[in-house]
Amino acid sequence: MCPSDKNLTTSAGTATSAGFRSAFDVLDADRDGKISQDDLRTFYTGFSSGGCDEGAIGSMIQAADSNKNGFVEYEEFEKVLDSAGGRGGGVMEEVFKMMDKDGDGKLSHEDLKSYMEWAGFSAVDEDIKAMVVLGGGEEKDGVSYQGLLRILAVDRVD
């Protein structure tokens, strides 16, 4: 996602449609091309010792599932994020809150490292530092919600 030995490009410093793919892929736990209630349950279970709120999961799916098939496909996900003015809207805000373990409104180095490990991404401390900088944060403070969206809008160039 953000290895320090790759060239990175961003699009105007904010999340764009293409940049939402990374966020979608994070939530699509079984990698079947759609977000299901099971995918969200898996995501929340990985970040919350108190389990997940089934009602909230159902509401998130229902809010984004415009074709009413019980899943959120990428195009629907993209519409939800775009309709929030590129800010990410409710789903990404919930993802941010789950990643923000201490609830201080910033993703610390440890929050990001924990997430990367949970998601199965290999990331050394230098990678995490690069993510914090890319998100407009400082090592001691961490990354805001808008910073997370900037990080997710990064496309790796090989």
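Student: Which residues does Asp100 touch, not counting residues up to four places away in sequence?

Tutor: Leaving those neighbours aside, Asp100 touches Gly105, Lys106, Leu107 and Asp111. Keep in mind that this is a predicted model.

Student: Where in the chain is Asp100 placed?

Tutor: Asp100 sits in a loop, with helix H5 (89-99) on one side and helix H6 (109-118) on the other.

Student: Which backbone atom lies 2.7 Å from a polar atom of the Asp100 side chain?

Tutor: That atom is the backbone nitrogen of Gly105. Gly105 is also one of the residues that Asp100 touches.

Student: How many salt bridges are counted in the model?

Tutor: The count is seven. One of them joins the side chains of Arg21 and Asp25, at 4.0 Å from N to O. Both residues belong to helix H1, four residues apart, or about one turn of the helix. Arg21 counts as partly exposed because its relative accessibility is 36%; Asp25 is partly exposed too, with a relative accessible area of 30%.

Student: Which residues are linked in a network of salt bridges?

Tutor: Asp38, Arg41 and Glu54 form such a network. Asp38 bridges to Arg41, with the closest N and O atoms 2.4 Å apart. These two lie in helix H2 (residues 37-47), three residues apart, about one turn of the helix. Arg41 also meets the side chain of Glu54 in a salt bridge of 2.8 Å, N to O. This second pair links distant parts of the chain, with Arg41 in helix H2 and Glu54 in helix H3, 13 residues apart. Arg41 is partly exposed, at a relative accessible area of 24%, and Glu54 is partly exposed at 38%.

Student: What does the phi of Lys68 look like?

Tutor: Most residues other than glycine have a negative phi. Lys68 is not a glycine, yet its phi is positive, about 55 degrees. Lys68 lies in the loop between helix H3 (54-64) and strand E3 (72-73), and it counts as exposed because its relative accessibility is 59%. Arg31 likewise has a positive phi of about 55 degrees without being a glycine; its place is the loop between helix H1 (20-27) and E2.

Student: How many helices and strands does the protein have?

Tutor: There are eight helices and four strands. Along the sequence they follow the pattern β-α-β-α-α-β-α-α-α-α-α-β. Of the 158 residues, 41% count as buried. Among contacts between residues at least 6 apart in sequence, 57% join residues at least 24 apart.

Student: What is the mean pLDDT of the protein?

Tutor: The mean is 75, and 72% of the residues reach 70 or more.

Key
Residues numbered from 1 in each chain as written. Predicted model: local features only at pLDDT ≥ 70, side-chain atom pairs only at ≥ 80, totals over all residues. Heavy atoms only, no water. Polar contact = N/O pair within 3.5 Å; in protein donor to acceptor, adjacent residues only side chain to side chain. Contact = heavy atoms within 4.5 Å. pLDDT = per-residue confidence, 0-100. Buried < 20%, exposed > 50% of the residue type's maximum accessible area, 1.4 Å probe, protein only.
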